[in-house]
Protein chains: 2
Amino acid sequence: MPLKNTGTEQLIKDTAKRLLFAEGKLHATTQDIADAAGVNRTGLHYYFRSRDQLIAAIFDEAMQELSQRLNECMTADQPFKAKTKHIITVFLRHMVVFPYQETFLVTEMNTLGKKLITNIKSDPVKSYLKEAAAEMEKGNIGKMDPVHFLMNLFSLLSYPLIMAPLYKKLFQVSGKEFNALIEEREGIIMKMLFRK
Amino acid sequence: MPLKNTGTEQLIKDTAKRLLFAEGKLHATTQDIADAAGVNRTGLHYYFRSRDQLIAAIFDEAMQELSQRLNECMTADQPFKAKTKHIITVFLRHMVVFPYQETFLVTEMNTLGKKLITNIKSDPVKSYLKEAAAEMEKGNIGKMDPVHFLMNLFSLLSYPLIMAPLYKKLFQVSGKEFNALIEEREGIIMKMLFRK
DNA sequence: TCTTATTTTAACAATTTTGTCTAACAAAAA
DNA sequence: TTTTTGTTAGACAAAATTGTTAAAATAAGA
């Protein structure tokens with residue numbers, strides 16, 4: 001329990017998240033993080049004991065945040081289509097700022113194995129899947145395993161932002177053009193999912 | 001120019017690619033790579049001089065390979081829909097084996113800045129985009145900036161495989177179930193793109 | 001076989017990155 | 001003010017990672 005609470009602990013975590021999730025510097029060292037935060041590297045050990053524990057803390061928070069965002073969106077009291085549109089809005093807004101959060105989570109899961117198992121509520125997702133199935137019955141969306149619908153949704157949302165640097169090269173798109181495209185994504189995704 | 005050519009140089013590159021692209025161990029050290037290849041770490045320096053140059057070599061090859069795969073698919077002499085289906089087949093097959101190749105490319109671009117600029121032919125992509133535009137005119141696919149069509153295609157293709165470990169957690173899907181879903185992807189993606 | 005160029009290995013050195021220890025500093029409580 | 005607790009900073013140590021050197025092993029050609 002910090003008594004003074006100078007905000008340094010939070011600053012370190014926020015800075016690390018900025019480097020890792022926003023700038024995609026997945027190899028950031030403790031020195032990199034300390035420098036970016038404008039604190040002595042020792043502070044990092046004071047608060048988190050080791051680099052691994054800092055990473056673990058960030059991993060946990062990111063996982064919780066993602067799961068919570070997911071659950072809040074999916075249990076919102078709205079009809080299915082509006083709810084889905086809301087998911088797109090919320091997740092796109094987040095992806096624009098932190099495009100590499102999911103990449104970080106996956107690569108850490110790969111290197112650290114299955115150690116960091118934060119328990120996640122899966123009920124909200126399940127109920128959203130049920131709603132999707134119901135919509136399929138009604139003929140509002142194409143019939144498929146609802147999990148495909150969910151994967152489609154998140155693919156269309158996330159992938160372009162994650163791969164932005166690569167797309168710009170491969171497809172010869174400028175930063176300006178790309179941003180304009182992202183602006184249009186919400187509409188495009190809705191059309192894809194609901195074949196309006 | 002190697003005279004004896006014992007295949008070690010290739011073995012090192014292939015092993016590194018396996019660790020990086022297949023297993024997603026993006027923090028692999030030279031020792032990790034040497035061990036996995038069953039060679040002395042010195043060999044790695046003998047052939048590539050430094051870790052950075054090994055990474056650069058792999059980056060280059062991966063970029064070339066991706067660009068070439070892209071171009072071959074896009075200049076195939078086929079009608080648009082069949083061509084697109086072929087793209088899905090080819091890229092899915094590759095993603096199943098090397099899900100993290102694109103992630104590697106992006107994170108390296110982020111850390112190394114814009115140093116590694118391998119020149120890429122963009123004409124094949126451009127002509128594919130033109131074909132897509134023509135299909136939209138014909139009403140075969142929904143009207144949008146053709147680049148969106150391309151982003152949709154690759155999003156639906158790649159993202160589920162990249163994020164597999166995360167999906168399995170968030171959506172409570174077993175490995176077996178997940179593989180079954182991936183089997184179905186090609187059909188799903190075709191339906192999404194061509195709203196058949 | 002002897003020579004030569006290439007490849008592999010072992011020992012060592014340098015660098016980078018992480019972790020520790022101690023003391024100084026700051027602020028609230030006694 | 002003194003004490004106590006929590007925070008920051010500097011110097012140092014340890015570990016991990018990368019890089020170098022020189023010598024041994026290997027295979028091909030003269």
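Guide: This is a predicted model. A place to begin is Lys191(B), which is found in helix α10 of chain B, residues 175–194.

Visitor: What makes Lys191(B) partly exposed?

Guide: Its relative accessible area is 39%. Buried means under 20% and exposed over 50%, so Lys191(B), at 39%, is partly exposed.

Visitor: Which residues form the positive surface patch?

Guide: Lys191(B) forms it together with Arg195(B), Lys191(A) and Arg195(A). Patch residues need over 30% relative accessible area, and Lys191(B) has 39%.

Visitor: Which residues form the negative surface patch?

Guide: Asp145(A), Glu177(B), Glu183(B) and Glu184(B). Of these, Glu184(B) lies in helix α10 of chain B. Its relative accessible area is 40%, between the limits of 20% and 50%, so Glu184(B) is called partly exposed.

Visitor: How do you know what kind of axis relates chain A and chain B?

Guide: A rotation of 180° with 0.0 Å of shift along its axis superposes chain A on chain B, with an RMSD of 0.1 Å. That is the relation of a two-fold axis. In chain A, the residue that comes closest to the rotation axis is Ser155(A), with its C-alpha at 2.6 Å.

Visitor: Why remark on the phi of Gln172(A)?

Guide: Most residues other than glycine have a negative phi. Gln172(A) is not a glycine, yet its phi is positive, near 55°. The residue sits in the loop between α9 (164–170) and α10 (175–194) of chain A.

Visitor: What is the phi of Gln172(B)?

Guide: Gln172(B) has a positive phi of about 55°, and lies in the loop between α9 and α10 of chain B.

Methods. Residues numbered from 1 in each chain as written. Chains lettered and ligands numbered in written order. Predicted model: local features only at pLDDT ≥ 70, side-chain atom pairs only at ≥ 80, totals over all residues. Heavy atoms only, no water. Patch = residues over 30% accessible without salt bridge, like charges linked within 9 Å, V, L, I, M, F, W, Y side chains within 5 Å. Areas by Shrake-Rupley, 256 points an atom, 1.4 Å probe, with all protein chains shown as cover. Salt bridge = Lys/Arg side-chain N within 4 Å of Asp/Glu carboxyl O. Lys, Arg positive; Asp, Glu negative; His and termini not counted. Charge placed at Lys NZ, Arg CZ, Asp CG, Glu CD. Helix = DSSP H or I, 4+ residues; strand = E, 2+ residues; numbered from the N terminus. Buried < 20%, exposed > 50% of the residue type's maximum accessible area, 1.4 Å probe, protein only. Least-squares fit on C-alpha atoms with pLDDT ≥ 70 in both.
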